[in-house]
Amino acid sequence: MYFAPSASLEAHALRAHFTRSTPARRALLAPPHPPLPPLARPALLPALSLSPPRPTALTRRAASARAAADAWATLGLRPGADLDACKRAFRQLALSHHPDTGGDAQRFAALVHAYEQLEAAATGQARVGARSAVRSVGGMLVASVEELKADPAYEVFTVRLSLESEASDRPKRGVTAAGGAEVALEVVYEVTASEWDSVADLRARLQERVDLPDGRRHGNLRNRLGGHEIIYKGQLMAEHLLLADYELNDGDILHFAARRDV
């Protein structure tokens, strides 16, 4: 006699069949590779470097060319102008923009930077200013006279040049305003000279005029780092030139920067 299985028995048999664990079924259900520990997981993408790329010879040449073009433009020159043309353009612009002549200090600094760049490119070496010396570019004082006065290596004297008549032997301690009242400013030394005197002759007179000690006079300094300078409108006057070369007028104000022997 045949007895038909009930529905509950069939369901139980099917569930037992499909849940039975066999090696083949475990192989099919297992992941292809065992999971790796969190710290040992390989990176899917290479690490990105945040440092800038190293400059190549080509990029350095391109940057140098751009800097030179900007420097020529600052001096009002076409690209490729030689060093002599750069020096003439710098002096012409510096005379107008030097702080001692009422010019803009930032504009003057840009002119100095542009000229130094072109000079270094033409000569193959960067300018290295001497420590505590009067630093100049193209014969122009880089700093203002007021900044030079703050340099402990120098003593700066204000000088009024007399080309027409003999000056008093005493230093002036003020100027007379329009209303006749004297305004105390600083000691101003007067010195008499001819327009045919050389700058070296004027320097010798100034050393006598300000009563500079013998040990600090030109040629006697033990420290040869820099010397005495005469400054006129931001220019360092060259000792081999005549006063007439600078077109000085009677009453013009000069500055005598005497180096301290330190």
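A salt bridge is a side-chain nitrogen of Lys or Arg within 4 Å of a carboxyl oxygen of Asp or Glu. In this predicted model, Asp 151 is buried and takes part in no such bridge. The nearest side chain of opposite charge belongs to Arg 259, 6.4 Å away.

Asp 151 sits in the loop between helix 6 (145-149) and strand 3 (154-162). A polar atom of the Asp 151 side chain lies 2.9 Å from the backbone nitrogen of Ala 153.

## Nonpolar cores

The largest nonpolar core has 20 residues, of which Leu 202, Ile 230, Met 237, Leu 248, Leu 254 and Phe 256 touch the most other members. Two or more residues each come from strand 3, strand 6, helix 7 (199-209), strand 7 (229-232) and strand 9 (253-259). Leaving aside residues up to four places away in sequence, Leu 248 is in contact with Leu 161, Leu 163, Tyr 232, Met 237, Leu 243 and Leu 254. Another core, of 16 residues, lies apart from it; Leu 75, Cys 86, Phe 108 and Val 137 are among its members.

Val 191 belongs to strand 6 (residues 188-192). With a relative accessible area of 5%, Val 191 falls under the 20% limit and is therefore buried. The C-alpha atoms of Val 191 and Leu 161 are 5.4 Å apart, although 30 residues separate the two in sequence.

## Aromatic cluster

There are three aromatic pairs in the structure. One of them joins Phe 157 and Tyr 189, with ring centres 5.8 Å apart; the planes stand at 80 degrees, so the pair is edge-to-face. This pair links distant parts of the chain, since Phe 157 is in strand 3 and Tyr 189 in strand 6, 32 residues apart. Phe 157 counts as buried at 9% relative accessibility, and Tyr 189 is buried at 16%.

Phe 157 also pairs with Phe 256, in a stacked arrangement with 6.1 Å from centre to centre and 25 degrees between the planes. Because Phe 157 lies in strand 3 and Phe 256 in strand 9, the contact ties together parts that are 99 residues apart in sequence. Phe 256 is buried, as is Phe 157. Phe 157, Tyr 189 and Phe 256 make up one aromatic cluster.

## Salt bridges

Side chains of opposite charge can pair when their charged atoms come close. The structure holds seven salt bridges. One of them is formed by Arg 160 and Glu 190, at 3.7 Å from N to O. Arg 160 is in strand 3 and Glu 190 in strand 6, so this bridge ties together parts that are 30 residues apart in sequence. Arg 160 is partly exposed, with a relative accessible area of 29%, whereas Glu 190 is buried at 12%.

Arg 205 and Asp 197 form a further salt bridge, with an N to O distance of 3.4 Å. Here Arg 205 is partly exposed at 36% relative accessibility, and Asp 197 is buried at 13%. In the bridge between Arg 217 and Glu 208, the closest N and O atoms are 2.7 Å apart. Arg 217 is buried, at 14% relative accessibility, while Glu 208 is exposed, with a relative accessible area of 53%.

How values were computed. Residues numbered from 1 in each chain as written. Predicted model: local features only at pLDDT ≥ 70, side-chain atom pairs only at ≥ 80, totals over all residues. Heavy atoms only, no water. Helix = DSSP H or I, 4+ residues; strand = E, 2+ residues; numbered from the N terminus. Buried < 20%, exposed > 50% of the residue type's maximum accessible area, 1.4 Å probe, protein only. Lys, Arg positive; Asp, Glu negative; His and termini not counted. Polar contact = N/O pair within 3.5 Å; in protein donor to acceptor, adjacent residues only side chain to side chain. Core = buried A, V, L, I, M, F, W, Y, C linked by side-chain atoms within 4.5 Å. Contact = heavy atoms within 4.5 Å. Phe/Tyr/Trp six-rings, centres within 6.5 Å; stacked < 30°, edge-to-face > 60°.
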